[in-house]
Amino acid sequence: MKIWRNKFLLLGIIASLLIVSACTDPSSGDKGKKAKEQVLTTVNHVTSEPASLDPLKATDSQSGEVLTHVMEGLVRTDAKGEPQPGMAEKWEVSADNLTFTFHLRDAKWTNGDPVTAHDFEFQWKRMLDPKNAGEADYAYQLYYLKNGQKYQQGKAKAEDVGVKAIDDKTLQVTLEKPTPFFVSLTGFYALFPTNKNVVEKNPDWAKNADSYVGNGPFKLKTWAHDSKIEIVKNENYWNKNKVQLTQINFPMVGEEQTAYQMFLSKKINYLGTIPTDLVPKLLKEGKAKSTPIMGTYMYMFNVEKAPFNNAKIRKAFSLAIDREKLVKNVTQGGQAPATGWVPWEFNDPVANKPFYQARPPYLPSTANPDEAKKLLAEGLKELGMTELPEVTLDYNTSEAHKKIAEAVQQMWKENLGVEVKMRNSEFKVYLDKTKAGDFQVARMGWLADYVDPMTFADYYLTDGGNNDTNWGNPEYDKLIAEAKSTADQKVRMEKMHQAEAILMDEMPVAPLYFYTINYMMDDKLKNVIHDVTGHTDYTYAYIEE
């Protein structure tokens, strides 16, 4: 998810390991008298312009927060990441765990068209269509389908892909291999349906509110680009009687201090972008809350640009970072130093402990200047260089990202003797730059798309749609393929641990810390659901008097 499930996660987004002021059953929790005006205003993920509200193209947390309210997949996931009925009211799984039959409920798109199994088949094949390979970064999430990857690679036909509408209400899905988390994955926004007739008639259908067609609990009312998004209750939604908010406002407030003042003045009632310097005090006073989620904040290296085309230099820059000081003095929200790529909160059922505790620490919590300088010197020699070329660190505009970057910049100067420049860009520009490889080192955040370590493990596949480092390793790819080829948890966990060891040895990414989420919420706002992957669901929230 991605991060969430999105790959560009702001430091202060909102989530919780368990339900914070809510329950997963939308019919419960209605205790107090409700306010006449049921309008929620939130500054959480949508602090800048979302990249896209087309499930084909969306990969970021800004897009994801809106998408999960204006669209709905076969299932919805609850606070623990477990699947609950969505567009599918029930499903069956074959004895060999390869065939899933989803039975769709009676539901409508916001334009009144019925939601059918054909819409799911259309969209999933659209994701895999080779013609869309440059835009569908999440197509690999459909490689689990029989012939899914082969179709995208031009080695199979669309009709060979393991998704088929048997009739309007029945979707049959056939997988390549048993995939324990597949049903939960269908609740992720990359697997949402789209209205076939709308998409084919208007390629720009998802760019503006007046042409947008969704099937979720809310519908897009306003999209003032770079300013705000407003969504309103969808009267065509199958469970509309349980939806109590009439409108959700997403003002695009990029400055954390501005958003905080808006919360204090009651202009917003949900804040997920707390200024970092206020976090410790607000947590101590009980005015803010914090909880760990499945996420890693990191700096990625472009391995095709000098000097980061050398693994020793990548390691040198990583070892020069003092992660303990970073979480203690800068982020200050209960984050943990990242000693590897796969974060906390995932379970290793074989070791019967958290996944990250079932492997050695690949990185120290504190800096190792001596080893870092040694590796830097060796790396420069291997490249035939006597000194480093100019190095620039990129980040997307955010006060939190800036403070982290400034702290790391100083660590690199003190522990490695390297001067690094910084460059910030607005979110959409930043997305384009990193996708095009226009960077040397760049910040990134990754959240789970589903509750399994594979959501982190397959991120760095050579052909991974979200792997912007240009790094690839055949042995790594082989291990991930082996992990995906079986439902045997012993084999799966072993292969993913082995793959992470390769990743951390070659270091195309320098993990900095494991996420916690810090947030503030109006006491009158109830029944907000949060899940372990960082997803915040306002669908069944309401406001008391």
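In which sense do strands β4 and β5 pair, and over how many bridges? Strand β4 and strand β5 (residues 99-104) pair in the antiparallel sense, over five bridges; two strands count as paired if DSSP finds at least two bridges between them. Helices (H or I, at least four residues) and strands (E, at least two) are DSSP runs, numbered from the N terminus.

The structure is a predicted model, in which local features need pLDDT of at least 70, side-chain atom pairs count only at pLDDT 80 or more, and totals for chains, interfaces and linings use all residues. Residues are numbered from 1 along each chain as its sequence is written, and side-chain values use heavy atoms, with hydrogens and water left out.

**Confidence**

- The protein chain has an average pLDDT of 92, and 94% of the residues score at least 70; pLDDT is the predictor's confidence in each residue, from 0 to 100.
- Over residues 1-25, pLDDT stays under 50, and the model has 155 contacts beyond four places in sequence for this stretch. A contact means heavy atoms within 4.5 Å.
- Where pLDDT is low, the predicted coordinates should not be read in detail.

**The four-stranded sheet**

- Strands of a sheet pair through backbone hydrogen bonds, either parallel or antiparallel.
- Four strands form an open sheet in the order β4-β5-β7-β6, and their pairing is antiparallel.
- The edges are β4 (88-93) and β6 (163-167); each has a single partner strand, so one side of each is left without a neighbour in the sheet.
- From one strand to the next, the twist averages 20°.

**Residue K90**

- K90 belongs to strand β4.
- Its relative accessibility is 46%, so K90 counts as partly exposed. Buried means under 20% relative accessible area, exposed over 50%, and partly exposed in between (1.4 Å probe, protein chains only).
- Apart from neighbours within four places in sequence, K90 is in contact with T101, F102 and H103.
- K90 and F102 are 12 residues apart along the chain, and their C-alpha atoms are separated by 6.2 Å.

**Helix α2**

- Helix α2 (residues 117-128) lies across β5, β6 and β7 (170-174), and runs at about 165° to β6. Axes are lines fitted to C-alpha atoms, for helices over the stretch in contact, and angles run from 0 to 180 degrees between N-to-C directions.
- The 12 residues of α2 should span 16 Å at 1.5 Å a residue, and the end C-alpha atoms are 17 Å apart, which agrees. The expected span is 1.5 Å times one less than the number of residues.
- Because 11 of its 12 residues are buried, α2 is largely enclosed by the rest of the structure.
- The cover over these buried residues includes β5, α3 (148-152), β6, β7, α4 (182-185) and α5 (196-201).
- At the start of α2, a side-chain oxygen of T116 comes to within 3.2 Å of the backbone nitrogen of H118.

**Helix α1**

- In helix α1 (residues 61-70), 10 of the 10 residues are buried, so α1 is largely enclosed by the rest of the structure.
- D60 caps the N-terminal end of α1, with a side-chain oxygen 3.3 Å from the backbone nitrogen of Q62.

**Strand β12**

- Of the 13 residues of β12 (residues 289-301), 10 are buried, so this strand is largely enclosed by the rest of the structure.
- β12 and strand β19 (residues 509-521) run antiparallel and are joined by nine bridges; S290 stands opposite N518 in β19.
- β12 also pairs with strand β18 (residues 441-447) in the antiparallel sense, over seven bridges, and the bridge partner of G295 in β18 is L447.

Definitions and conventions:
A polar contact is a pair of N or O atoms within 3.5 Å; within protein, one must be able to donate a hydrogen and the other to accept it, and residues adjacent in sequence count only if both atoms are side-chain atoms.
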